[in-house]
Amino acid sequence: MPLLVLGVTHSPAKAGIAEFAAALPILVLTLPAGALIDRWNRKRLLIVCDTIRAGAYASLAAAVATGHVWFAHILAVVAIDGCGF
């Protein structure tokens with residue numbers, strides 16, 4: 001992901017922001033998610049989370065293919081990926 005940000009924005013600072021946006025949900029949601037997962041069906045939750053993550057990455061791939069990639073779109077995708085992880 002940092003290479004995509006560098007290729008789109010030519011800014012190392014924005015690449016760092018994208019990596020921070022990817023790590024932040026993991027840091028914040030790990031403990032609450034662990035408590036909730038014990039109460040829900042794990043298999044169904046895994047399928048739902050992976051489907052949402054795949055949809056986010058598919059939208060990013062479509063944006064790259066059409067040449068209309070925005071930094072905010074990349075941030076949204078990495079945040080969704082971090083939440084679904």
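1. Helices here are DSSP runs of H or I at least four residues long, numbered from the N terminus. With that in hand, a look at helix 3: R53 and D50 both sit in it, and because they are 3 residues apart they are separated by about one helical turn. An α-helix has 3.6 residues a turn, so residues three or four places apart point the same way. The side chains of R53 and D50 do meet, in a salt bridge with an N to O distance of 3.4 Å. Keep in mind throughout that this is a predicted model.

2. Now step back to the whole protein. There are 4 helices and 0 strands, and read from the N terminus the order is simply α-α-α-α. Along the principal axes, the C-alpha atoms fill a box of roughly 45 × 25 × 15 Å. Of the 85 residues, 22% are buried. The accessible surface is about 5800 Å², and carbon and sulfur atoms own 73% of that.

3. How do the parts of the chain touch one another? Take the contacts with a separation of 6 or more: 65% of them join residues 24 or more positions apart.

4. Helix 3 deserves a paragraph of its own. This helix covers residues 42-66, which is 25 residues, and spans 36 Å from its first C-alpha to its last, close to the 36 Å expected at 1.5 Å a residue. Which residues of helix 3 are buried? They are L45, A56, L60 and A63. Their cover includes helix 1 (2-9), helix 2 (12-37) and helix 4 (71-84).

5. Check both ends of helix 3 as well. At its start, a side-chain oxygen of N41 comes to within 3.2 Å of the backbone nitrogen of K43. K43 itself belongs to helix 3 and counts as exposed because its relative accessible area is 64%, with the cut-off at over 50%. Just after the helix, G67 has a positive phi of about 85 degrees.

6. D81 counts as buried, because its 17% falls under the 20% cut-off.

7. The total is 3 salt bridges, and one of them joins the side chains of D38 and R42 at 3.1 Å, N to O. D38 is exposed, with a relative accessible area of 55%, and R42 is exposed at 54%.

8. F20, L24, L27, V28 and L29 make a nonpolar surface patch of about 490 Å². L27 lies in helix 2; at 67% relative accessibility, this leucine counts as exposed. For a sense of distance, the C-alpha atoms of V28 and K43 are separated by 23 Å, although the two residues are 15 apart along the chain.

Definitions and conventions. Residues are numbered from 1 along each chain as its sequence is written. This is a predicted model: local features need pLDDT of at least 70, side-chain atom pairs count only at pLDDT 80 or more; totals for chains, interfaces and linings use all residues. Side-chain values use heavy atoms; hydrogens and water are left out. Helices (H or I, at least four residues) and strands (E, at least two) are DSSP runs, numbered from the N terminus. The expected span of a helix is 1.5 Å times one less than its number of residues. Buried means under 20% relative accessible area, exposed over 50%, partly exposed in between (1.4 Å probe, protein chains only). Contact means heavy atoms within 4.5 Å. A polar contact is a pair of N or O atoms within 3.5 Å; within protein, one must be able to donate a hydrogen and the other to accept it, and residues adjacent in sequence count only if both atoms are side-chain atoms. Patches are made of residues with over 30% relative accessible area and no salt bridge: like charges are joined within 9 Å, nonpolar side chains (Val, Leu, Ile, Met, Phe, Trp, Tyr) within 5 Å. Accessible areas come from the Shrake-Rupley method with a 1.4 Å probe; for residues, only the protein chains shown count as cover. A salt bridge is a side-chain nitrogen of Lys or Arg within 4 Å of a carboxyl oxygen of Asp or Glu.
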